[in-house]
2 protein chains.
Amino acid sequence: MTSQTVVQNSAFELEQVLVVIERADAIASSMTLDPLLDRMLALLIEIAGGEAGTLYLVDDDEIVFQVVHGDPASQHLVGMRLPINIGLVGATIRAAQPLWIEDINADPRWDRRLGEANSLQLRSLLSLPLLLEEQVVGVIQIFNPQRSEPRLLKLLGNRMAAEVEKARLLKKSQQRESRLSALVEIVGHIGSTLDRKTLLNLIIDYARILLDAEASSLFLTEPETGDLILQHSTGHLHERVQSVRLAKGRGIAGYVAETGETICVGDVKRDQRHDGSVDQMTGFDTRSILAVPLRTRCITFGRERAQSEEHLIGCIEVLNKRDGRFDDDDKLLLQTLARQAATVLEIADLYADVNELFLDVIQALTAAIDAKDPYTEGHSKRVSEFAVAIAEELELEPSFIHHLRIGAILHDVGKIGISDGVLKKPGRLTDDEFGEMKSHPEIGERILGHIRMLQTELPVIIQHHERLDGSGYPYGLAKGQISLGGRIVAVADAFDAMTSDRPYRRGLPIEEAFRRLRAGADTEFDAVCVEALWQALNRGRVRPQRLRDDIGDHRIINDATPFRTPLTPSA
Amino acid sequence: MTSQTVVQNSAFELEQVLVVIERADAIASSMTLDPLLDRMLALLIEIAGGEAGTLYLVDDDEIVFQVVHGDPASQHLVGMRLPINIGLVGATIRAAQPLWIEDINADPRWDRRLGEANSLQLRSLLSLPLLLEEQVVGVIQIFNPQRSEPRLLKLLGNRMAAEVEKARLLKKSQQRESRLSALVEIVGHIGSTLDRKTLLNLIIDYARILLDAEASSLFLTEPETGDLILQHSTGHLHERVQSVRLAKGRGIAGYVAETGETICVGDVKRDQRHDGSVDQMTGFDTRSILAVPLRTRCITFGRERAQSEEHLIGCIEVLNKRDGRFDDDDKLLLQTLARQAATVLEIADLYADVNELFLDVIQALTAAIDAKDPYTEGHSKRVSEFAVAIAEELELEPSFIHHLRIGAILHDVGKIGISDGVLKKPGRLTDDEFGEMKSHPEIGERILGHIRMLQTELPVIIQHHERLDGSGYPYGLAKGQISLGGRIVAVADAFDAMTSDRPYRRGLPIEEAFRRLRAGADTEFDAVCVEALWQALNRGRVRPQRLRDDIGDHRIINDATPFRTPLTPSA
């Protein structure tokens, strides 16, 4: 039935052999795997005088159906992965030498899965192993061959094995190169982001793209509990899976985040650590997982802050590799991305922390200054909220708003230099006292004016009592001379003064305050800013002091006192 | 003399040819360039029955002497780069077909530089071009051959050309891979640094290592002038070349920093843009330069700060590539490193800026609080300097010192809540007044206690009037209950109070102040902190108020007033 001995039948002369070798050389000069395989198979079929042929390559414990010639009906098999022991291909791999089958249909090893689709009358088969240093790297099958040409076919088969290996090596190296090149870009991109949310989105998207996975998730460890909180994921059926919490150490993600190990699971159904609850929630079918820890590097600060230690902060998972399995290259790549991502997250947090610290401290200190006069308590904070709301309504640049917020918080900082007698005086101020009060913008400038990083904020501090018609103080600047920040804070400041309770009156209702602001539009106030504040209030973006729960009516001393709004000296 | 026609002399039979092909296949299965060339040359010499042989590869407009066989005396030529038109090698490249020379010594094209070192009696030569798709990629010379075997040698020569090309491709790809892999590590490493000086050192070292250059320099553009300032360089004879300034647009670095172009100069002597002044200064001999711009990426901040624009900030140069020339791969690699470096520099600056802003603002605000009482002017700043000096003498952790500085600046912030009458009172305080004054640590805690990022600093604010024996305020904490920060600031605070001028007395001399501090050691003050301050003062690290130029004697009201040091209420 089968014969291990190939029929000896050498019809080739020296000249023909040299021509064949030259053709093989020409084919092999291509370093691209697919055309190389294609043309090599064609040459071997021609030498053997066969009617059709197929080529398989070994890939770990599988074979890949790579090329078919002379049989268009089998074309759809190309790319299919099969068990390594299948049919006569498997037999050739085990034998590690050529098989000669007179009638494949009579051979029990012949596997219908490979043959049924074949539309030709297949009878005989020459099945050649491609040997590289005694390892079978592939199999060529030539159907209905007319010649065996054992010496030449073996020579060419081995040549092919070597060329396949070279092309694979190069392809692998080039793939690594292009993925590393992508990784460099990615690392550069995420490294230029200090916004946590943008950063999380980028990391998770890039992880999925780089690893060619169907989905990806990022978990961060909650410091208080050790639980893992899902931050973001992509590729799931539901674009965002929200409020997923894994108890400490739970699931593969929990294991990775706790131990710092990288876990690669080919089939999650067989891994007990896998927690299927997210899949149940989303309907996503997780098959394979590569999970790496998010471990920050040591971060080097300036001289004074020195280093922060390396520590685990969570885990990144990629799910279901689209083509093949997650391998060692994938592991290394994702580990590198994760390490970099963790560091950048840490730096973004550090940056956010010091910004938060700065804002909190200036807010606390200006609140303490406000608190010297119980009737301006919370004033600086509210003015900064109103000013930011105006700027947002006007759709001003984020960086402008950033500086405006700081400037507005600090706008009354000069009151630190006003004596208690004037600052806390419950009744009306004398001219001298008002004169002292009016010096607070300049005192503010004197206190903060030398600070390099605060130059953008200074105009707000100096100009928040200027009026468009030039009747304000300290400099009597006119319309074109007052900065936008100054105009915005002037409106925010006046509005808070009008609507906040005072010793001698309750705060005005919003409508009455706006009647007055509008009456002063274009003489005192910038009309655009006034209307922007109106919009912001109507949208519920901000609220005046009198409508806030946190500072209740208990502060009102004399509700019945008739009031006038002393616009300028009050703020 | 010479003959373009190779003598036809084919002695090989089919079997021999197949054996040769099999041997060539075995040799070619190696993908490492050097052994491949070595073994291939040996095979070709054997086939031609030659006595010796050499192999050259074409590299751009040069040839590289790659292998020599049968002539140990020429071994030292290996690796030498020669002009592409040299001798019979050049003639073979031009002819693009084999040359057969009966007597090389009679051939005017024979170049002594290649032959003199040859110890053999060289007469005849078969010079074979290695052809890949009609391009000559190398030349093999076989000396004193006995057979010509034109068909087989041509076949093997071309095979060799193809294999060389494949091995080169793979080598190139693997080199790129390993350099990209190094780049990923580098980018990760510099990305975890927020300290400008460390960062500049890292960038410049990595640039030199990655590009395999003899030296490297980093220039930053001075915003005010546009001049380029050399920040750091490595590899020069003088390890650090200091205070180098290139006028705007001057030199190759200036050109690159201004235009944003990458410049690669193979021979700087021929480039008019090159500024030789640094070489003159250092004695370094710059031959080739690769200079790329430092261009920051767009940086994404939080919602409020949004993006910063891309802009040029300087230039990185690498000088004298050790092996060969700077090529396109080098350009890309250095551009990527430079882009990333620029971004990280920008982020480090942003981080430093916001830290500076925070410190400046709290210093300005606490200075304003101090200034309410002219006799405590500058107090908070000095206390923070003394405290930091103590901590540095004690070699405490940089991060501890960072928080200590902030805490010390803010230690008296609660005085914002003390009424002017008490705060500014020139004489002694009544018990009630002293009672109010003593509330300032708690007021400070109330003002700042809610701030998440300030928790480390709070103990300093609350505890700086506690005493080791439990007799301090506000809580009467005892030795083991007072934090190190609190103990340090208590000493710094008392020392400044003693040595600063007061309405009723001049500041004490240092010696007298220390007599009193030491008298209170272990009851009031931590003796270790007292001695650390003594050390710091002796080393000139800090100075008390009375010895400072900026706050002179003009503040002293009554120099003759007898004094006692009211330790607690004064600070």
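The side chains of A:Ser74 and A:Asp71 are joined by a polar contact of 2.5 Å, in a model that is predicted. A:Ser74 itself lies in the loop that runs between β3 (62-69) and β4 (81-83) of chain A, and with a relative accessible area of 2% this serine is buried.

**Interface of chain A and chain B**

- The contact between the chains involves 90 residues of chain A and 89 residues of chain B, and the area buried between them is about 8,100 Å², with carbon and sulfur atoms giving 63% of that area.
- Of the area that chain A buries against chain B, 9% is supplied by A:Arg151, A:Glu304 and A:Arg305, which is more than any other three residues supply.
- The rule finds 14 salt bridges across the interface of chain A and chain B, and one such pairing links the side chains of A:Arg339 and B:Glu185 at 2.7 Å, N to O.
- Polar contacts across the interface of chain A and chain B amount to 27 residue pairs, counted where both residues have pLDDT 80 or more.
- At least two residues each of the side of chain A that touches chain B come from α1 (14-28), α5 (150-191), β13 (299-300), α9 (328-372), α11 (398-409) and α14 (440-448) of chain A, and α5(A) gives the largest share, with 22 residues.
- Sorted by class, the side of chain A that touches chain B consists of 44 nonpolar, 21 polar and 25 charged residues.

**Strand pairing in chain B**

- Strand β8 (residues 213-221) of chain B is mostly covered, since seven of its nine residues are buried, a label that requires under 20% relative accessible area.
- β8(B) runs antiparallel to strand β15 (residues 312-321) of chain B, to which seven bridges join it, and within this pairing B:Phe219 has B:Cys315 of β15(B) as its bridge partner.
- β8(B) also pairs with strand β9 (residues 228-234) of chain B, again in the antiparallel sense, over six bridges, with B:Ser216 standing opposite B:Thr234 of β9(B).
- The hairpin of β8(B) and β9(B) has six residues between the strands, and in this hairpin B:Gly226 takes a positive phi near 80 degrees.

**The sheet of chain A**

- Six strands of chain A form an open sheet with antiparallel pairing, in the order β10-β9-β8-β15-β12-β11.
- The edges of this sheet are β10 (245-246) and β11 (263-265) of chain A, each of which pairs on one side only.
- β11(A) pairs with strand β12 (residues 289-295) of chain A in the antiparallel sense over three bridges, and A:Cys264 finds its bridge partner in A:Leu290 of β12(A).

**A loop serine of chain B**

- B:Ser288 is placed in the loop between α8 (277-282) and β12 (289-295) of chain B.
- Why does B:Ser288 count as buried? B:Ser288 has 13% relative accessibility, and the label of buried applies under 20% relative accessible area.
- Apart from neighbours within four places in sequence, B:Ser288 is in contact with B:Val265, B:Gly266, B:Val268, B:Val318, B:Leu319, B:Asn320, B:Lys321 and B:Phe326.
- The C-alpha atom of B:Ser288 is separated by 7.9 Å from that of B:Arg325, although the two residues are 37 residues apart along the chain.

Notes. Residues numbered from 1 in each chain as written. Chains lettered and ligands numbered in written order. Predicted model: local features only at pLDDT ≥ 70, side-chain atom pairs only at ≥ 80, totals over all residues. Heavy atoms only, no water. Contact = heavy atoms within 4.5 Å. Buried area = accessible area lost by both parts, 1.4 Å probe. Salt bridge = Lys/Arg side-chain N within 4 Å of Asp/Glu carboxyl O. Polar contact = N/O pair within 3.5 Å; in protein donor to acceptor, adjacent residues only side chain to side chain. Helix = DSSP H or I, 4+ residues; strand = E, 2+ residues; numbered from the N terminus. Nonpolar A, V, L, I, M, F, W, Y, C, P; charged D, E, K, R; others polar. Buried < 20%, exposed > 50% of the residue type's maximum accessible area, 1.4 Å probe, protein only. Pairing = 2+ DSSP bridges.
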